[in-house]
Amino acid sequence: MKITCIKSHVLGYDLPEELGYSQQYYARRTAHLVEIETDEGISGWGECFGPGNIALANRAIVEQVIQPMLLGEDPMAREVLWHRVYNLLRDHGQKGMPMQALSGVDIALWDLFGKIVGQPIHGLLGGAFRDRVPVYGYGMMLKRESLAEHVARFSDEAAAIREAGFVATKMKVGLGVRDDIALCVAVREGVGPDFDFMVDANHCYTVNDAMTVGLALDELGAYWFEEPVAPEDLDGYIRLRDHIATHISGGEAEFSRWGWRELLTRGCLDIAQPEVCALGGISEYQKVLAMAHAHFTPVVNHVWGSAIAVAANLQLLAAMPPLPGGLFPREPWLEFDTTDNRFRDQLLLEPLDIQGQVARSGGTVSVPTGPGLGVEPDRDFIAHYAI
Ligand code: CA
């Protein structure tokens, strides 16, 4: 079997309302799917992390840089192909967009592998430790509104996410230290005393500001404090871990085994959040996962994007060993964005219906069991939203 074409499908639509996090407001949803075709008529699907215009630039990397390296090659030779691409891109970007582009290609090769041998990806990785995965719902985005409006909305939204059946929730911060603490208090009040909530700063703080917020989170019993400082500030992560009881989490902006090696060996994280659609794909994710577990660092995947990304993560979460193991181990969670996302809810011929599954099952979702990713996108839907 030979690879005959590697194609990017970039999709976009205007959101019903503008949303924000600590770095920007945004009003469009985009997704970047990768399709690999073969001479035997089988196609594999992957996805690249990278919203907005980043997706358009990544499309050029996928189609104009990576595709020529892989045309005519055996799609089963995933490791060989990964290393060929990485080695040729190394001088031009060991992190960021080249790795996001390679990630989508690698995931599509794994989907192809599964379809060729008739196995779901979790089967190829060694089997399923679980056939259902608990889901946490994130929401509570920033908007152009007053602090009082934010506080009231965050409290209501947190309660609604709990009511919808999710096992935990996550909020954004980024208004400034004093206002952010008020938002965290509102979310604790919204969910009540016996429910996990997490706080995502998207690296908006200095270490000292993060320390102030982190100590408040200790008082409130938050479960994790995500990306408190810039991803390059490894010393900042270490200082926060030394002083704050709340788990310090991060890693969505880190790439490859070599980038992750630093985060893990230096002890920057209580919880690792690798992004499979950015760090190098499933092949590289498995190496990062092994390294995280070698450091006894639990992994809760960062998940963002379309139903392809969600399916890839469900496959990985099914195949993730419990850490450290036990009769009632803490199970890995699926991250789920509760804001408007047609590319997740409507892309597939058979939708995953995560919200419905969560509501019916008490917070869990089943792992797809079909070959490869176990899902198939609707080509008419893709054509309608293609940019
Ligand atoms: Ca995040």
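**Helices, strands and a calcium ion**

Visitor: Which strands does helix 3 (residues 97–117) lie across?
Guide: Helix 3 runs at about 150 degrees to strand 3, where angles go from 0 to 180 degrees between N-to-C directions and axes are lines fitted to C-alpha atoms, for helices over the stretch in contact. Just so you know, this is a predicted model, with pLDDT of at least 70 needed for local features and 80 or more for side-chain atom pairs, while totals for chains, interfaces and linings use all residues. Residues are numbered from 1 along each chain as its sequence is written, and side-chain values use heavy atoms, with hydrogens and water left out. Helix 3 lies across strand 1, strand 2 and strand 3.

Visitor: In what order do the three strands sit in the open sheet?
Guide: Helices (H or I, at least four residues) and strands (E, at least two) are DSSP runs numbered from the N terminus, and two strands pair if DSSP finds at least two bridges between them. The pairing here is antiparallel, and strand 1 (3–20) and strand 3 (43–48) are the edge strands, each pairing on one side only. From one strand to the next, the twist averages 20 degrees. The order is 1-2-3.

Visitor: Which residue of strand 3 stands opposite H32?
Guide: Strand 2 (residues 25–38) and strand 3 pair in the antiparallel sense over six bridges. Opposite H32 you'll find C48.

Visitor: How far apart are the axes of helix 2 (residues 78–89) and helix 3?
Guide: Their packing angle is about 170 degrees, so the two helices count as roughly antiparallel (over 145 degrees; under 35 is roughly parallel, 65 to 115 roughly perpendicular, the rest oblique). The axes of helix 2 and helix 3 are apart by 11 Å.

Visitor: At roughly what angle do helix 2 and helix 11 (residues 281–294) cross?
Guide: Their axes come within 9 Å, and R78, E79 and W82 in helix 2 meet S283, E284 and K287 in helix 11. Helix 2 is roughly perpendicular to helix 11, because the axes cross at roughly 90 degrees.

Visitor: Which residues are the protein donors of the calcium ion?
Guide: Donors are N, O and S atoms within 2.8 Å of the metal (3.2 Å for Na, K and Ca), and since water is not among the atoms, sites may look incomplete. Here the donors lie 2.2 to 2.4 Å from the ion and follow the spacing D-x25-E-x25-E. They are D200, E226 and E252.

Visitor: What is the relative accessible area of E252?
Guide: E252 sits in the loop between strand 8 (247–250) and helix 9 (256–265), 26 residues from E226 in strand 7 (residues 224–226). E226 is buried at 0% relative accessibility, since buried means under 20% relative accessible area (exposed is over 50%, partly exposed in between; 1.4 Å probe, protein chains only). E252 is buried too, with a value of 12%.

Visitor: What distance separates the C-alpha atoms of G370 and I121?
Guide: G370 is in the loop between strand 11 (364–366) and helix 15 (379–385), and at 21% it is partly exposed. Leaving aside neighbours within four places in sequence, G370 is in contact with Q119 and P120. G370 and I121 are 249 residues apart along the chain, yet their C-alpha atoms are separated by 8.9 Å.

Methods. Contact = heavy atoms within 4.5 Å.
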